[in-house]
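Have a look at the model first, then read on.

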Amino acid sequence: MNADTPVISMTPILPGSADAAGQRATLGVLGGGQLGRMFVHAAQRLGYFTAVLEPDAHSPAGRVSHYHIQTAYDDPAGLAQLAQLCQAITTEFENVPAQALQTLALTRPVAPGAAVVGIAQNRIEEKAHFTACVNVSGVSCAPFAVMETLAQLQAVQDERTDLLPGILKTARLGYDGKGQVSVQTAGELAAAWAELGHAACVLEKRLPLRAELSVLVARGWDGQVVSFAAQRNVHVEGILAVTHAYEGNLPPALATQARDAAVALVQHLGYVGVLCVEFFVVDDGSAHGSLVVNEMAPRPHNSGHYTLDACDVSQFDLQVRALAGLPLPEPRQHSPAIMLNLLGEVWLDGSGQPREPDWPAVLRLPGTHLHLYGKLEARAGRKMGHLTITGPDVAGVKTVARRAAALLGLPGLDVL
Ligand code: ADP
Ligand code: MG
């Protein structure tokens, strides 16, 4: 382990235990989306009570939790109630107010902490971390320039035309391709920045991508790190559509390099919890291409949902264990898997009218695992659920995935 990695002594919160007053061991989560829901499921399976702080009355996680505190994420009374109910608290969405995590951390273990979440929330700080770690991770990020002032805009237009064509990305609050504008020429840059409201941005060189992949890592309070193998991700219109998780999904040397880099990055952050690191495979003319680190998410990730059905411990199990100070076993994948994201379009016909997907036909296929998040309203682009296909061999998994995708009218069939 790295010398500058803080190690925190944490008394384990034992599953199913109760304090002297009879209050059951309870784990809390800020945010009520699908990631929170799957965290709650994993925590409850281990025997914990759960508490969710989320303003929406019908949230995926709030509806399945023992306690649902229905306030804004930064509401002092709501946060106080969460701290009072819980022995430790995590977060399920990236844009959680850092102040809320800081407030909770005054009285309770909070993982991941406000400082590291703050880094992952800001592309400028995130890239600074990647750059600072390049010697140990061995992987750099795409060439970029920070744009926060008119002088920086001018400097980029004058001196950094090597970054064009590029993508201007807001430093904060971007997700699923939102907060990004493609820029072809120096002339277009000013208009693109205005379109983004002159928010702090990074201009990133557009790279020729051969593939995208991600690695999920978990680190405990004691500094122990475990990880899943790299999975290959296919995005459609900026949103994850398909995850391929099986041997042979990527050139083995790149997969190993990505996993090692993700472990180095998590160690140097002194991070506690589950972290997802996303990478690009860039076409550099070599046989397999080279690795570039894109971004990281301070939580379990959509690309790790297959671990629920294809691994002996899932990313959510590891999130629970890391938070509670329990041992972190090295996860083992027991089946090849493909995950298909189910966006709102699956519930809408060609003219936008609601339709019910043919679930019996999908569930008749062998090795299909359906996860719906309990969202009441299907909207285009909204993540409603996912379908994981597992099986004894990769060819069979691909065949079933193609059939399921055809039944559901999913895009990206060509990549299966
Ligand atoms: P988000 O926070 O929306 O996930 P990303 O930075 O991951 O933002 O960008 C979304 C997608 O856009 C990526 O998954 C990739 O397909 C594409 N993309 C982003 N940056 C680049 C780049 N520098 N070169 C080529 N494609 C890119
Ligand atoms: Mg991304």
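Helices and strands here are DSSP runs, numbered from the N terminus: helices are H or I with at least four residues, strands are E with at least two. Keep in mind that this is a predicted model, where local features need pLDDT of at least 70, side-chain atom pairs count only at pLDDT 80 or more, and totals for chains, interfaces and linings use all residues. Residues are numbered from 1 along each chain as its sequence is written, chains are lettered from A and ligands numbered from 1 in the order in which they are written, and side-chain values use heavy atoms, with hydrogens and water left out.

**Backbone: positive phi**
- His 198, in the loop between α8 (186-195) and β8 (201-205), has phi near 55 degrees, a positive value in a residue other than glycine.
- At 47% relative accessibility, His 198 is partly exposed (buried means under 20% relative accessible area, exposed over 50%, partly exposed in between, with a 1.4 Å probe and protein chains only).
- Glu 237 also isn't a glycine and has a positive phi, near 50 degrees; this residue sits in the loop between β11 (231-236) and β12 (239-245).
- Glu 237 is exposed, with a relative accessible area of 77%.

**Backbone: cis peptide bonds**
- Ala 111 and Pro 112 are joined by a cis peptide bond with omega about -5 degrees, and Pro 112 is in the loop between α3 and α4 (114-120).
- Leu 164 to Pro 165 is cis as well, with omega near -10 degrees; you'll find Pro 165 in the loop between α7 (150-159) and β6 (166-170).

**Aromatic pairs**
- Rings of Phe, Tyr and Trp (its six-membered ring) pair if their centres lie within 6.5 Å; planes under 30 degrees apart count as stacked, over 60 as edge-to-face and the rest as tilted.
- By that rule there are 2 aromatic pairs.
- Tyr 73 and Phe 93 make a tilted pair, 4.7 Å centre to centre with 50 degrees between the planes.
- Tyr 73 is in the loop between β3 (67-69) and α2 (76-85) and Phe 93 in the loop between β4 (88-91) and α3 (98-105), so the pair ties together parts 20 residues apart in sequence.
- Tyr 73 is partly exposed at 21%, and Phe 93 is partly exposed at 21%.
- Trp 347 and Trp 359 have ring centres 5.8 Å apart and planes at 55 degrees, so this pair is tilted.
- Trp 347 lies in the loop between β15 (337-343) and α12 (359-364) and Trp 359 in helix α12, so the pair links parts 12 residues apart in sequence.
- Trp 347 is buried at 12%, and Trp 359 is buried at 12%.

**Charge over a ring**
- The charged end of Lys 127 sits over the Phe 144 ring, 5.5 Å from its centre (the test: NZ of Lys or CZ of Arg within 6 Å of the ring centre and within 35 degrees of the ring normal).
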